[in-house]
Amino acid sequence: MTTKKTSSATVRKLCPQCGEHLHTRANASVCVCCESKLPHCKTCGSAIVATINDSVFGDGECNGCEYRRYKLQPEFAEALDRLLEQTVDQDLAYDIELTEGEKEARAKSLAVFEKLDGNAA
Ligand SMILES: [Zn+2]
Ligand SMILES: [Zn+2]
């Protein structure tokens, strides 16, 4: 009776980018030489690999960072809305004139909300 030995113990993952080099780091998605040629996420600095962690908008971020920003966006909008309501909008309601800086900041904020509503030109 012979014992069959499979070679499953030596499964090597090839780099999906070049298909040649092996992954040299345990949790790396591509080999080191490919990683150095790839674009890197402007937020966290990790290499962006197509179909693995590339983002939907291709805006220089990995999908993790893009997703976090996407998820946080409504919270930012709400916080800004509240801030306006409690500060400059209060001033306006009491006929307190806004400073140039406040006017500018308010206009900028309102422009962002218009974009969110899809009304921006
Ligand atoms: Zn490679
Ligand atoms: Zn990132």
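**Figure 1. Order of the elements in the protein.** From the N terminus onward, the elements of the protein follow the order α-α-α-α, and the secondary structure amounts to 4 helices and 0 strands. The model shown in these views is predicted.

Figure 2. The largest nonpolar core is made up of 9 residues, namely C15, V30, C31, C34, C41, A47, I48, C62 and C65. When its neighbours within four places in sequence are left aside, C15 has contacts with E20, H21, L22, H23, V30, C31 and C34.

**Figure 3. Helix α2 and its kink.** Helix α2 covers residues 63-86, and because its 24 residues should span 34 Å at 1.5 Å a residue, the 35 Å that separates its end C-alpha atoms agrees with that expectation. Within α2 there is a kink of about 40 degrees at L72, which is placed shortly before the proline P74.

**Figure 4. Helix α4 and the residue that follows.** Helix α4, formed by the 18 residues 100-117, reaches 26 Å from its first C-alpha to its last, which is close to the 26 Å expected at 1.5 Å a residue. This helix α4 is hardly covered, since the count of buried residues among its 18 residues is 0. Just after α4, the residue G118 adopts a positive phi of about 80 degrees.

Note on methods:
Residues numbered from 1 in each chain as written. Chains lettered and ligands numbered in written order. Predicted model: local features only at pLDDT ≥ 70, side-chain atom pairs only at ≥ 80, totals over all residues. Helix = DSSP H or I, 4+ residues; strand = E, 2+ residues; numbered from the N terminus. Expected span 1.5 Å × (residues − 1). Buried ≥ 20, exposed ≤ 12 C-beta atoms within 10 Å, placed from the backbone. Bend = angle between axes of the 7 residues up to and from the residue. Core = buried A, V, L, I, M, F, W, Y, C linked by C-beta atoms within 7 Å. Contact = placed C-beta atoms within 7 Å.
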